[in-house]
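Hi,

Here is the structure I promised to pass on. Have a look at it first, and then read my notes below.

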Amino acid sequence: MTHPTAPDLAGSLLSPCEALSRRDQLGLNDLRALVEGIDLSPAERALLALPDPDRPYGRRVILATPMLEVMVATWTRGQPCAPHDHGGAVGAVKVLQGRAHHQVWGIEGDDLAERRSHAVLPGDVLACGPDLIHSMADDGADQPLMTLHVYTASIDHMVVYEPEARRTHVVEGSCGAWVPHDQPGLIRFSRDGTLRRAALLPA
């Protein structure tokens, strides 16, 4: 099987994303419909793969506009991402291949508490509300995990939790869902304790 040309890839992924980004207003149903309608071939997924063995996943940003951010994640086995939010953005995540282990978290006192966890299969779509705290990991299927992420704006920052240290970090949107101790310039600030977004940032 030959790899798709750039126009082929633009037609199957970039073009529908660009069309959606030109709307005046976007909601969760729009994002869900977008990712449900995208079906990438194995060759297209291979073209988009961007492994980063030193991180929970490699990030390939497809589109970043004031209205829409689109990113493909290529996951590293054995490295779950940290619990995090999405900077107040609404989003949808689709499993392109492999199987994800998805955890949803809540804050109880000074700790994160797991609310639920489940496997997410190829073609499944996760809805991410503006207050969701969650984490994901490659769940060990035959194929390595790849996921498609769309959000209702380019993410300026995220709140990332470090449960073992009971620390809460606000990181740049260009950082993934981990604490970049080796790149401290990506950390805007950190606080002791497990803190809600409202306690960290102005409304």
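Leaving aside its neighbours within four places in sequence, Tyr-57 touches Asp-52, Met-71, Ala-73, Thr-74, Trp-75, Thr-76, Cys-81, Gly-176, Ala-177 and Trp-178. Do keep in mind as you read on that this is a predicted model.

Tyr-57 also turns up in the largest nonpolar core, which has 28 residues. Together with Trp-75 and Met-136, Tyr-57 is among the residues with the most contacts inside that core. Which elements give two or more residues to it? They are strand 2 (69-75), strand 3 (91-97), strand 4 (100-108), strand 6 (125-128) and strand 9 (157-162). Strand 2 gives the most, with three residues. Apart from this core lies another one, of 21 residues, including Leu-40, Val-72, Val-125 and Met-146. As a general point, nonpolar side chains tend to be buried together in soluble globular proteins.

Three strands make an open sheet, ordered 5-4-7, and the pairing is antiparallel. From one strand to the next, the twist averages 25°. Strand 4 and strand 5 run antiparallel and are joined by nine bridges.

The C-alpha trace spans about 50 × 40 × 30 Å along its principal axes. How does the radius of gyration sit against that of a compact globule? For 203 residues such a globule would have a value near 17 Å, and the protein has 17 Å, so the two agree.

A few totals to finish. Buried residues make up 49% of the 203 residues. Of the contacts with a separation of 6 or more, 68% are between residues 24 or more positions apart. The accessible surface comes to about 9600 Å², and carbon and sulfur atoms account for 50% of that.

Cheers

Methods: Residues are numbered from 1 along each chain as its sequence is written. This is a predicted model: local features need pLDDT of at least 70, side-chain atom pairs count only at pLDDT 80 or more; totals for chains, interfaces and linings use all residues. Side-chain values use heavy atoms; hydrogens and water are left out. A nonpolar core is a set of buried Ala, Val, Leu, Ile, Met, Phe, Trp, Tyr and Cys residues joined through side-chain atoms within 4.5 Å. Buried means under 20% relative accessible area, exposed over 50%, partly exposed in between (1.4 Å probe, protein chains only). Helices (H or I, at least four residues) and strands (E, at least two) are DSSP runs, numbered from the N terminus. Contact means heavy atoms within 4.5 Å. Two strands pair if DSSP finds at least two bridges between them. Axes are lines fitted to C-alpha atoms, for helices over the stretch in contact, and angles run from 0 to 180 degrees between N-to-C directions. The radius of gyration is taken over C-alpha atoms; the globule rule is 2.2 Å times the number of residues to the power 0.38. Accessible areas come from the Shrake-Rupley method with a 1.4 Å probe; for residues, only the protein chains shown count as cover.
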